[in-house]
Amino acid sequence: STVINGLLNLDTSTYRWLCTMQQQRSLLQANRWISRSGDGPLYVLIAALIYFTQPIGYLDFIKVGLLAFLFELPCFMILKALIRRDRPFVQIPGSCYVIKPSDKFSMPSGHTAAAFLMAGLISYFYIEYVFLVYSLAALIGMSRIVLGVHYPSDVLAGAMLGTSAVFLSLVIII
């Protein structure tokens, strides 16, 4: 339909525009670092930091976080297997990627899902960090596009998945 084609064209043109940042070395390096911050070890470090600085709310934080990841990870894998959307560098002639993706398919973005899960988790328990954590989550998502491995809609789907997982976990535990 016309609406779907319009959305796909917007997705592709936004991807192409963000990939132009690959030409600027400093932006490319910054996006690599931002993307790596969503690889996972940072989340363990955050949990340890909360344990040592905020031991009172730590147990609820960990319970909600673990349950959220127990929801998010299987959903992420099932969605990847069902949707089977090729990476943009496979579908769009002349596009390139500057990091090696961990798997073949692009939707949803796992880095973005985890980043928004953590942003929701942290902002629920520590509201004073809401702007910081959601800004970082958005930057992680955008970096995945700039690095050539995701479409904007992959990132949006990841953000929705991570947010949904933490919301569901909060409803169950709190």
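Visitor: Which exposed residues sit on the face of helix 2 turned away from its buried side?
Guide: That face carries Arg25, Ser26, Trp33 and Arg36. Exposed means over 50% relative accessible area, buried under 20%, and partly exposed in between (1.4 Å probe, protein chains only). Helices are DSSP runs of H or I with at least four residues, numbered from the N terminus. The model is predicted, so local features need pLDDT of at least 70 and side-chain atom pairs count only at pLDDT 80 or more, while totals for chains, interfaces and linings use all residues. Residues are numbered from 1 along each chain as its sequence is written, and side-chain values use heavy atoms, without hydrogens or water.

Visitor: And which residues of helix 2 are buried?
Guide: Leu28, Asn31, Ile34 and Ser35 are the buried residues of helix 2. They lie on the same side of helix 2, because they cover an arc of only 125° around the axis, taken from the directions from the helix axis to the C-beta atoms.

Visitor: What do those buried residues pack against?
Guide: The buried residues of helix 2 pack against helix 6 (110-125) and helix 7 (130-146), where contact means heavy atoms within 4.5 Å.

Visitor: Changing topic, where is the cis peptide bond?
Guide: The cis bond joins methionine 107 and proline 108, with omega about -5°. Proline 108 belongs to the loop between helix 5 (88-91) and helix 6.

Visitor: What about the backbone at arginine 84?
Guide: Arginine 84 is not a glycine, yet its phi is positive, at about 50°.

Visitor: Where is arginine 84 found?
Guide: Arginine 84 lies in the loop between helix 4 and helix 5.

Methods
Helices (H or I, at least four residues) and strands (E, at least two) are DSSP runs, numbered from the N terminus.
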